[in-house]
Structures are given as C-alpha cells and as structure tokens.
Amino acid sequence: MAHDDEPLYKSLIRDTTAYFAFVLLVTTLGPFQFGYHLSELNAPQDVLTCKKLSGESSALDRLPQCIPMNTAQFSVVTSIYTLGGFIGALGAGPSCNRYGRLLTMRLTTVSFFLGSIIETFATNIGVLCLGRLVSGLGCGATIVVVPIFIAEVAPPKEKGLFGSLTQISICLGILIAQLLGYFLSKGNLWRIILAVSGALGLVQLAGLLLVPESPRWLAEHRSPQNARRILHKLRGHHADIDAEVKAWDIDATEDDISEEQTLLSAAPGSHPAPNPKAASASINLWQAVKQPAYRPAIVAVVAVMFTQQLTGINSIVMYSVSLLSTLLPTTASLLIVAVSALNLIATIIFSPLSDKIGRKTCILISIAGMGTCAVLLALGLLFGIKILAAVATLVFVASFAFGLGPIPFILANELVGPEAVGATQSCALAANWIATFLVSQFFPIVDQALGGQGKVYFIFAGFALVSGSFIAYWVPETKGKSGVEEVWGKREARERIE
C-alpha cells in the first residue's frame with residue numbers, strides 16, 4: 001500500500017504488477033470504445049452523407065460510397081447512439097451486481113462487434129441507425145461496469161489515479177477516431193473507421209478470458225478465499241493485503257468457505273454461479289431510489305453527471321469546427337484532432353491530483369474554470385476577439401480534464417456500499433446519457449435561436465455557477481475515507497435485504 005509521504009512513482013512501481021497492468025489494459029478498452037463511437041462519424045460526415053464525393057477506390061467498392069441524408073437525418077444517426085447508451089447503462093447495474101463485473105464486461109464486447117459489423121456494411125439510414133444503437137448498448141453498459149471494476153481492483157491509496165483511466169481511455173478513443181477520420185474520410189474508406197471497433201471488440205473479448213472477477217464482488221458473494229487469492233495475484237504474492245481485505249468489512253461463514261472450495265483451482269477468467277442469497281443482498285435501481293439511506297448519494301452522482309455534460313464540453317467536442325474554423329489558420333479536421341489531443345494530455349497530467357487534493361476540490365476547480373472560460377468564449381465570439389475565443393476554448397477543455405472529466409466515474413463506488421454501487425452507477429450514467437443527448441441535439445438549435453455568436457455559452461456559464469454551488473453544498477469529499485459511513489460523516493442504517 002502507498003504511504004501518505006511516499007512519492008507517487010514509487011508507490012505505482014510497487015503496486016502495479018504486470019498482471020494488474022494487463023487487467024487494466026484489457027478492461028479500459030471498453031471506455032475506449034465509448035469515446036471512439038462518440039466521435040467516429042465526426043470527421044467523415046461530409047463523405048458519409050454524400051456531400052463530398054471522392055474517386056478513391058478500395059476493396060469495399062461493392063458497397064455504396066455514401067448514404068444520402070440531410071442534416072436532420074444525420075442528427076438522428078448520431079444521437080440514436082445515446083439512446084442505446086441510456087438503455088445499456090440502466091441494464092448494466094443490475095447485471096454487474098447479480099452476475100458479476102466480468103460477465104457484464106464480456107457481454108459488452110458482443111455488442112461492440114455486432115454493432116460495428118452492422119455499421120460497416122450499412123447501405124441505408126435504417127441499418128446505420130441499428131448499428132449505432134447496438135454499439136450504444138455496449139458503450140452504455142461498459143461505462144457503468146468498468147469504473148466499478150477498476151475502483152474495486154485498484155490499490156486504495158491510488159483509486160483516484162487509476163479511476164482516471166476511464167476518462168483517459170475515452171479521450172484516447174476520441175483522438176484515435178479523429179485521427180483515422182482525418183486519413184480515411186475519402187471514398188469508401190470511412191467504413192474502415194467503423195470496422196475498427198469490431199476488431200477491438202474481439203481483442204477485448206479474448207483478453208477478458210484471462211481477466212479475473214472483481215475480488216470485492218467475489219467477497220460480497222460468499223467467495224472470500226477466492227477473492228483473497230485473486231487480490232494476491234493482482235498485488236503480487238509478497239504484498240500484504242490484510243488491511244485491504246479488512247476494509248471490505250465482510251465476514252465469511254464456514255458454509256461460505258466450504259461452498260467456494262471448488263473455485264480455488266479454477267482459471268482466472270472462470271465465473272462463479274450466481275448465489276441466490278448474495279444476489280438478493282444487492283440493491284436494484286428502484287430499491288435504491290426508494291430507500292432514504294441511498295438518496296443523498298444518488299442525488300450527488302446525478303448532479304455531478306449532469307454538470308459534466310451541461311457545462312458544455314460536448315459542444316466543443318462535437319462543434320469545435322464551426323466554432324474555431326474562422327479563428328485558427330488550419331483545417332477543420334486538424335482542429336478537432338488538436339482539441340482531442342489536448343483533452344487526452346491534460347487528463348493524463350491532472351490524473352494524480354484527485355488523490356492529492358481531493359475529488360470534490362478538483363471538481364469545483366474544474367467547474368470554476370469551465371464557467372469562466374464559457375464567459376470568455378462567449379465574449380470572444382460575440383465581439384470577434386479571435387485570440388480570446390481560441391485560448392478560452394483550449395483552457396475550457398483543460399479545465400474539464402482537471403476534474404469533471406475523470407472523477408464523476410469513480411464517485412458512485414465511494415458514496416454507497418457495494419450492495420448499491422451498481423444501481424447508483426446505472427442511475428448516474430443514465431443521467432449522463434440524457435444530458436449528452438440534450439447537448440448534442442439542441443446546442444445548434446439554441447445557439448441559432450439566440451442569434452449565434454456564442455451567446456449560448458452564457459447559459460453554460462450560468463449552469464456552471466448553479467451546479468457548482470449545489471455540489472459544494474451537497475457532495476461530500478471521499479478522498480482518504482475508508483467507508484460510506486466516514487464519507488457521509490455518520491453511521492447510516494443500510495440494512496441489506498435478507
């Protein structure tokens with residue numbers, strides 16, 4: 001375990017075994033897919049919709065070079081991905097609670113593969129929409145289960161750092177999609193961009209065969225010895241895991257230990273059969289909402305997730321070309337790549353900070369930075385101050401990476417007990433998908449209704465002020481807290497369903 005006064009790089013070297021690094025690499029391919037699908041249609045939009053025809057030839061020439069559609073139809077193709085994500089997010093919580101984190105992650109890879117195949121060979125709008133919907137199902141589920149899994153396998157002192165891998169992977173997925181779009185937005189080659197996701201889905205499925213179940217989930221489901229064995233493998237066989245296991249606060253009966261003996265010689269990717277008693281101890285979404293003990297946490301994660309999107313980050317990610325093309329002397333595609341690269345680099349640089357200065361502090365600084373930059377961006381666009389608008393856009397993205405990008409994905413695991421983390425994360429990510437849809441669908445409409453010139457960013461700034469004030473009042477700090485009771489500052493009655 002990391003010591004408070006120990007340099008970060010030393011604790012990382014000690015706590016990160018080769019096997020643990022492999023597990024993280026395989027599992028974070030899920031959030032990578034989320035970011036990839038989010039932006040896969042951005043660069044090739046003109047070619048895909050037949051606005052720009054090309055004479056490039058490829059092995060895919062038997063398929064139509066483009067699919068004719070107008071702006072409204074393209075918006076439907078783009079936004080239906082969020083519908084799939086919303087459904088996937090709602091279903092992932094109950095699934096990962098009842099059947100495990102590992103099985104749920106494996107199922108998402110099937111969605112990635114099938115959705116990508118449908119998209120790649122689509123010949124009309126309906127089929128393309130179906131592919132996007134199926135891909136969205138997997139992305140919605142993976143963005144729920146992967147942060148939970150990482151939080152449960154990461155060393156306690158570095159949960160914030162490793163938790164930021166979710167957002168780093170999303171940013172990397174966005175960047176790779178934009179890079180491929182820059183080179184492949186011609187002829188029929190845009191179909192290769194869509195096919196890449198399917199290949200990655202198969203790679204992840206193969207890798208997940210070597211990934212273990214979350215030890216925390218196994219301990220909760222009456223497999224404490226198997227959980228200890230897996231945790232030892234993740235931390236290294238010479239690591240002292242007693243303090244970490246004790247923090248789980250889970251007692252094992254003799255019947256529990258006897259029942260799991262046959263699992264101890266199983267392969268790393270093997271999965272225990274669902275335990276009816278353990279499954280019944282899990283809290284579903286409706287139960288979590290009804291029980292007063294969980295409502296503060298649900299309000300907190302939903303507020304943070306809405307803030308993540310309604311402060312305007314996707315207006316930059318999705319519409320940066322129209323915002324900046326007249327301000328910076330470069331092509332539209334390169335502008336998108338530059339913004340995506342900045343988001344990735346800033347997220348990596350800022351990732352250790354949540355373990356140093358706290359989750360809540362990082363979020364509040366992030367909101368303040370985005371709100372300020374939204375005002376500056378609006379003024380720059382309104383009065384034609386090109387440098388101000390350009391710098392405000394870049395700092396806006398960097399401010400997002402400081403806190404609102406990575407931290408919301410790890411909060412659910414720290415604000416509720418393990419019996420309700422799946423339901424809480426589902427609720428949080430469902431809110432995130434709703435907010436994503438609102439921004440992606442209505443940003444151009446509202447901007448046009450206000451006369452353009454960036455006035456809509458005053459709305460984003462106002463929302464940053466209101467949401468920041470609420471989060472400062474409502475959301476507790478979770479850094480360095482050992483349990484739910486310590487986080488909320490009281491002993492909460494969270495009786496499990498027997």
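1. Let's start with helix α7 (residues 125-153): its 29 residues reach 41 Å from first C-alpha to last, close to the 42 Å expected at 1.5 Å a residue. That expected span is 1.5 Å times one less than the number of residues. Helices here are DSSP runs (H or I, at least four residues), numbered from the N terminus.

2. A word on the source: this is a predicted model, in which local features need pLDDT of at least 70 and side-chain atom pairs count only at pLDDT 80 or more, while totals for chains, interfaces and linings use all residues. Residues are numbered from 1 along each chain as its sequence is written, and side-chain values use heavy atoms, with hydrogens and water left out.

3. Back to α7, which has a kink of about 25 degrees centred on Thr142; the bend at a residue is the angle between axes fitted to the seven residues ending there and the seven starting there. The helix is mostly covered, with 23 of its 29 residues buried (buried is under 20% relative accessible area, exposed over 50%, partly exposed in between, using a 1.4 Å probe and protein chains only). At its start, a side-chain oxygen of Asn124 comes to within 3.1 Å of the backbone nitrogen of Gly126.

4. Now the rings: there are 12 aromatic pairs in the structure. Rings of Phe, Tyr and Trp (its six-membered ring) pair if their centres lie within 6.5 Å; planes under 30 degrees apart are stacked, over 60 edge-to-face, the rest tilted. Tyr81 and Trp433 are edge-to-face because their planes stand at 75 degrees, with ring centres 5.3 Å apart. Since Tyr81 lies in helix α5 (residues 71-98) and Trp433 in helix α24 (residues 421-449), the pair ties together parts 352 residues apart in sequence.

5. Are these two residues buried or exposed? Tyr81 is buried, at 1% relative accessible area, and Trp433 is buried too, at 2%. Ring pairs also link Phe34 with Tyr81 and Trp433 into a cluster.

6. Phe437 and Phe442 make another edge-to-face pair, 6.2 Å centre to centre with 90 degrees between the planes. Here Phe437 is partly exposed at 29% relative accessible area, and Phe442 is partly exposed at 38%.

7. Two charges sit over rings: the charged end of Lys233 is 4.5 Å from the ring centre of Tyr19, and that of Arg235 is 5.7 Å from the ring centre of Phe20. The cut-off asks for NZ of Lys or CZ of Arg within 6 Å of the ring centre and within 35 degrees of the ring normal.

Definitions and conventions. Helices (H or I, at least four residues) and strands (E, at least two) are DSSP runs, numbered from the N terminus. A polar contact is a pair of N or O atoms within 3.5 Å; within protein, one must be able to donate a hydrogen and the other to accept it, and residues adjacent in sequence count only if both atoms are side-chain atoms.
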